[in-house]
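Take a look at the sequence and the coordinates first.

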Amino acid sequence: MSLDTVRAFFAQHAPDITVEESEQSAATVPLAAAAFGVTPSEIAKTLSLKVGERVFLVVASGTVRLDNKKAKAQFGGKVKMLSAEEVVAITGHQVGGVCPFGLKTELPVYCDLSLKAFAEVLPAAGSTHSAVRISPQRMAELTGAEWVDVCSDHS
C-alpha cells in the first residue's frame, strides 16, 4: 500500500513530518483543499509525465497548469501525461494520491517555481485521503528535485 511506503519514507528521511489523513477524499485539488483546510493554491499537485520513454514527476501549485511550450523547452520534447495504469505501475501510487515520496520506481522530480510563493504546501501522501505539510524547499531537498519554470497561472 503506497500510504505505507510514504510513511516509511518519512520515518527514514524526515521523522518530524507526519502524514495526515482525512475522512474526506482529497483526490482532486479542490477536495484536498477542503479536506485539509487550505487554499487550492497551497495544494502541491504531482503530475506524472513522460517525454518519449523518459518518465518524471513535476510538483506544482494546485492552481497552475503545465505550460506546454515551457515544458517542451525544459524537457526537450512534447510532454505527455501517463495513463492511470502507468501511474500506478511506475509510482506505486494511485491517481489522486501521487506524490514524490515513497515511489516504487526512482524517478527524477522537478518542483515548479509556483510552489515558492508558499511557506508550506500540502502534497498528497500516497493515497486519496492523505497529505503532508511541508515547505517547498524541504520537499525539493528530500526528493532531490530540481527547480523549474514549466507552469502558468490558468486564471
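Rings of Phe, Tyr and Trp (its six-membered ring) count as a pair if their centres lie within 6.5 Å, and the pair is called stacked with planes under 30 degrees apart, edge-to-face over 60 and tilted for the rest. By that rule, Phe 9, Phe 10 and Phe 101 form one aromatic cluster.

Some ground rules before going on. This is a predicted model, where local features need pLDDT of at least 70 and side-chain atom pairs count only at pLDDT 80 or more, while totals for chains, interfaces and linings use all residues. Residues are numbered from 1 along each chain as its sequence is written, and side-chain values use heavy atoms, with hydrogens and water left out.

**Aromatic pairs**

A pair of aromatic rings is described by the distance of the centres and the angle of the planes. How many aromatic pairs does a search of the whole structure find? The search turns up six. One of them is Phe 9 with Phe 101, which counts as tilted because the ring centres are 5.5 Å apart and the planes sit at 40 degrees. That pair links distant parts of the chain, with Phe 9 in helix α1 (residues 2-13) and Phe 101 in the loop between α4 and β6 (109-112), 92 residues apart. Helices here are DSSP runs of H or I with at least four residues, strands are runs of E with at least two, and both are numbered from the N terminus.

Phe 9 has 14% relative accessibility, so it counts as buried. Phe 101 is buried too, with a relative accessible area of 0%.

Another tilted pair is Phe 56 with Phe 75, at 4.3 Å centre to centre and 35 degrees between the planes. Phe 56 lies in strand β3 and Phe 75 in helix α3 (residues 68-75), so this pair ties together parts 19 residues apart in sequence. Both Phe 56 and Phe 75 are buried.

Strand β2 covers residues 43-51, and eight of its nine residues are buried. For what follows, two strands pair if DSSP finds at least two bridges between them.

| Strands | Sense | Bridges |
|---|---|---|
| β2 and β3 (residues 54-61) | antiparallel | eight bridges |
| β2 and β5 (residues 80-81) | antiparallel | two bridges |
| β2 and β7 (residues 122-123) | parallel | two bridges |
| β3 and β6 | parallel | three bridges |
| β6 and β9 (residues 146-148) | parallel | three bridges |

On the residue level, Lys 45 has Ala 60 in β3 as its bridge partner, Lys 50 has Lys 80 in β5, and Ala 44 stands opposite Pro 123 in β7. The hairpin of β2 and β3 has two residues between the strands, and Gly 52 there takes a positive phi near 65 degrees.

Ser 48 also lies in β2. Its relative accessibility is 6%, so Ser 48 counts as buried. With contact taken as heavy atoms within 4.5 Å, and not counting residues up to four places away in sequence, Ser 48 touches Phe 56, Leu 57, Lys 80, Met 81, Leu 82, Val 87, Thr 91 and Val 98.

**Strand β6**

In β6, Cys 111 is the bridge partner of Val 59, and Cys 111 also stands opposite Trp 147 in β9. Both faces of β6 are covered: Val 109 and Cys 111 on one side are buried, and so are Tyr 110 and Asp 112 on the other.

Thr 105 lies in the loop between α4 and β6. Thr 105 is partly exposed, with a relative accessible area of 33%. Leaving aside neighbours within four places in sequence, Thr 105 is in contact with Ala 89 and Ile 90. The C-alpha atoms of Thr 105 and Ala 89 are separated by 8.8 Å, and the two residues are 16 residues apart along the chain.

Conventions. Buried < 20%, exposed > 50% of the residue type's maximum accessible area, 1.4 Å probe, protein only.
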